[in-house]
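Hello,

I am passing a structure on to you, with some notes on what was found in it. Please read the notes with the structure open.

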Amino acid sequence: MHCTRLLLLMVLSCALSGCYILQATNGELQVMRARKPIDQVLADPGTPASVRDTLSEVKAAREFASRELKLPDNRSYRTYADVHRQFVVWNVVAAPEFSVHPKQWCFPIVGCVAYRGYFKEKRARAFAADLSKRRFDVTLDGVPAYSTLGKFADPVLSSMIRYGPDELAAIIFHELAHQLLYVKNDTQFNEAFATTVENAGLERWLTLNGHADRIKRYKKDSTREREYIELFARTRAQLVRLYASGAPVAEMREKKAKAFETLANEIRDLEKRQGLKSTGYDEWIKEGLNNARLASEANYYDCVPGFERLLTEQDNDLPRFYAAARELSRLPLVERHAKLCRSPAPPAASQSP
């Protein structure tokens, strides 16, 4: 679709979405205009050596994604765009005071999702503040990349470069997986599927290139990360029982606060056992752990064990895994979550913008 036509359609839909779609469209247009072919960036003598080295490896990883992982072979991640900021988008996730299920927002094309993304941090913070005033638990996180689900040729972004070649390759595998399979109104299914492809793809990419030291570090980091995921999952299950207990509001608030205090202490204890002085979780604790943080973690990881089991059942054959995941995607939401995920499916979302 031509950019001008896209902008016109989004302006017309502004009245339905409080102009949220318009800001998203403007942000996407700016990213698209900044795109340059990676080969052109590599040939530019003004390109910093660190960027050139990373993009050279990314170019090879992109070819690997289509050739070996059987991910979409299209124009995505064959260009580079400098967005001149640390993050390309800031995502807001919200959950009710006494629920671990995230609030849903529904839009044309993508359906209902468990977050709102803003290209300007100021707007994201204003939206998050408004939700907080309405007694929602809220998180706001900067993200380095996003997918247009193949509607446009997504570029490698400058906000992705600082993560290094391994993490950057993983991000590309993740985002291409969204283009391969995306289910409307099921953020947990989509993110867990992409995360599983990302993990399997990165291990195969590092193995192909004989990076024994990087494979060892990747597996060690993955093992450590899963311990934190288990802490969040356990606290989430505890709060699900509390919120369903019918206890008085004051009692639930007190027990909720205690649960998050315990989670914070468990995270700090785990950091010490792992010999880590500081992790990204420190910032989360400082901001205040809440239902939205648990919901955000669940979006990415609650269904991953189920997808990993499915991959094993398909003898780690990715095309067969994709076909099996697609079959599951055709099931009703509750049924596919029962087969894949730790916790029950979230309540059905409203279809209004």
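Proline 37 has threonine 79, in strand 2, as its bridge partner. Strand 1 and strand 2 (residues 79–81) are antiparallel and joined over three bridges; strands are DSSP E runs of at least two residues and helices are H or I runs of at least four, both numbered from the N terminus, and strands pair if DSSP finds at least two bridges between them. The open sheet has three strands in the order 1-2-8, with mixed pairing. Strand 1 (35–37) and strand 8 (156–157) are at its edges with a single partner strand each, so one side of each has no neighbour in the sheet.

This is a predicted model: local features need pLDDT of at least 70, side-chain atom pairs count only at pLDDT 80 or more, and totals for chains, interfaces and linings use all residues. Residues are numbered from 1 along each chain as its sequence is written, and side-chain values use heavy atoms, without hydrogens and water.

Valine 156 is in contact (heavy atoms within 4.5 Å) with residues including Ile38, Leu55, Tyr77 and Thr79, leaving aside neighbours within four places in sequence.

The whole structure holds 23 salt bridges, each a side-chain nitrogen of Lys or Arg within 4 Å of a carboxyl oxygen of Asp or Glu. One of them joins arginine 214 and aspartate 166 (2.3 Å, N to O). Arginine 214 lies in helix 10 (residues 212–243) and aspartate 166 in helix 8 (residues 164–180), so the pair ties together parts 48 residues apart in sequence. A network of salt bridges links Glu57, Asp166, Arg214 and Arg217.

Regards
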